[in-house]
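Look at the structure first, then read on.

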Amino acid sequence: MSRGSVTVIGLGPGDPRLLTVAASEALAQADDLIGYFPYVARVPERPGLVRHATDNRVEVDRARHALELAASGRRVAVVSGGDPGVFAMAAAVFEAVEQGELEWRDLDIVVEPGITAMLAAAARLGAPLGGDFCALSLSDNLKPWDVITARLEAVFRADFVVALYNPISSARPWQLGRALGLAAEFRAGTVPVIFARAVSRPDEAICVLTLDAAREATADMATIVIIGASGTRMIERASGQPFVYTPRSVPR
Ligand SMILES: C[S@@+](CC[C@H](N)C(=O)[O-])C[C@H]1O[C@@H](n2cnc3c(N)ncnc32)[C@H](O)[C@@H]1O
């Protein structure tokens, strides 16, 4: 029996040109493709590649399935949008490894990084993540809202730029409004807030507002929201979208 493997692959934000060469090579070597169905759909079909597209809410089941297939000798690609280590499948795979069969620990398991949404979004605007920053998922599906609120408060107090993943969905309509309200308690109303939707896809839409004007209705589940820190600057341009950057230096 050939030695099976699991490669957890980041597909990047959407544009196939933003897929790494290493990720593309790993996809070409796979026998099985596993992931949430929109991500599986991004990978072209080819003879010999068995596709297993599933719903988003079954991450650890999907990871176990990948490990079972690998243990039987298959070369398995598990795909995520963006980077697989950022609020995505890589953590689910290692959770399944830790809780699963002992033999899974000795499988070849490799993570192929991808360009995560906050980096793709930041690049569109200039350099909003040029200083210290952090990333938070606003989803309270996997952690309590109290924990999210405490982390947001700490981030705002410490004056980090913050990238908010999973800002809103039909099942979670109010959380982003609360996060923006909390930001306003700590930050000036003039701080830039970036709403970057479907970055690098045909339906991309980017909007920069001040914190005073930012409303949750500007976001949907394909949007990443970046809230600037006190030092984040907006450079207005007659031609349209401003540049946004955060200087690396902080006054002493
Ligand atoms: C479950 S997280 C997955 C993040 C992904 N692993 C990554 O590294 O970008 C899904 C969230 O990522 C953000 N996202 C993913 N792709 C995006 C894109 N192309 N443009 C803007 N935001 C995106 C949105 O906030 C979305 O709700």
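A residue is called buried under 20% relative accessible area, exposed over 50%, and partly exposed in between, with a 1.4 Å probe and protein chains only. By that rule, 46% of the 252 residues of the protein count as buried. This is a predicted model: local features need pLDDT of at least 70, side-chain atom pairs count only at pLDDT 80 or more, and totals for chains, interfaces and linings use all residues. Residues are numbered from 1 along each chain as its sequence is written, and side-chain values use heavy atoms, with hydrogens and water left out.

**Overall form**

The protein has 7 helices and 13 strands. Both are DSSP runs numbered from the N terminus: helices are H or I with at least four residues, strands are E with at least two. The C-alpha trace spans about 60 × 40 × 40 Å along its principal axes.

Contact means heavy atoms within 4.5 Å. Among contacts between residues at least 6 apart in sequence, 68% join residues at least 24 apart.

**Helix α5**

Helix α5 covers residues 117-125. Met118, Ala120, Ala121, Ala122 and Leu125 are buried there. Gly126 follows α5, with a positive phi near 135 degrees.

**Salt bridges**

A salt bridge is a side-chain nitrogen of Lys or Arg within 4 Å of a carboxyl oxygen of Asp or Glu. The whole structure holds 9 of them.

| Pair | N to O distance |
|---|---|
| Asp15 and Arg17 | 2.6 Å |
| Glu204 and Arg124 | 2.9 Å |
| Asp159 and Arg187 | 3.9 Å |

What is the setting of Asp15, buried or exposed? Asp15 counts as buried, at 13% relative accessibility.

Glu204 and Arg124 meet in a salt bridge. Glu204 lies in the loop between β9 (192-197) and β10 (205-210), and Arg124 in helix α5, so the pair ties together parts that are 80 residues apart in sequence. Glu204 is partly exposed, at 28%. Arg124 is also partly exposed, at 43%.

Asp159 forms a salt bridge with Arg187. Asp159 sits in the loop between α6 and β8 and Arg187 in the loop between α7 and β9, so this pair joins parts 28 residues apart in sequence. Asp159 is partly exposed at 31%, whereas Arg187 is buried at 7%. Elsewhere, salt bridges that share partners link Arg197, Asp203 and Asp220 into one network.

**Aromatic rings**

Rings of Phe, Tyr and Trp (its six-membered ring) pair if their centres lie within 6.5 Å; planes under 30 degrees apart count as stacked, over 60 as edge-to-face and the rest as tilted. The whole structure has 5 aromatic pairs. One of them is Trp145 with Trp174, edge-to-face at 5.1 Å centre to centre and 80 degrees between the planes. Trp145 lies in helix α6 (residues 145-157) and Trp174 in the loop between β8 (161-165) and α7 (175-186), so the pair ties together parts 29 residues apart in sequence. Trp145 is buried at 17%. Trp174 is partly exposed at 35%. Tyr36, Phe37 and Tyr39 form one aromatic cluster.
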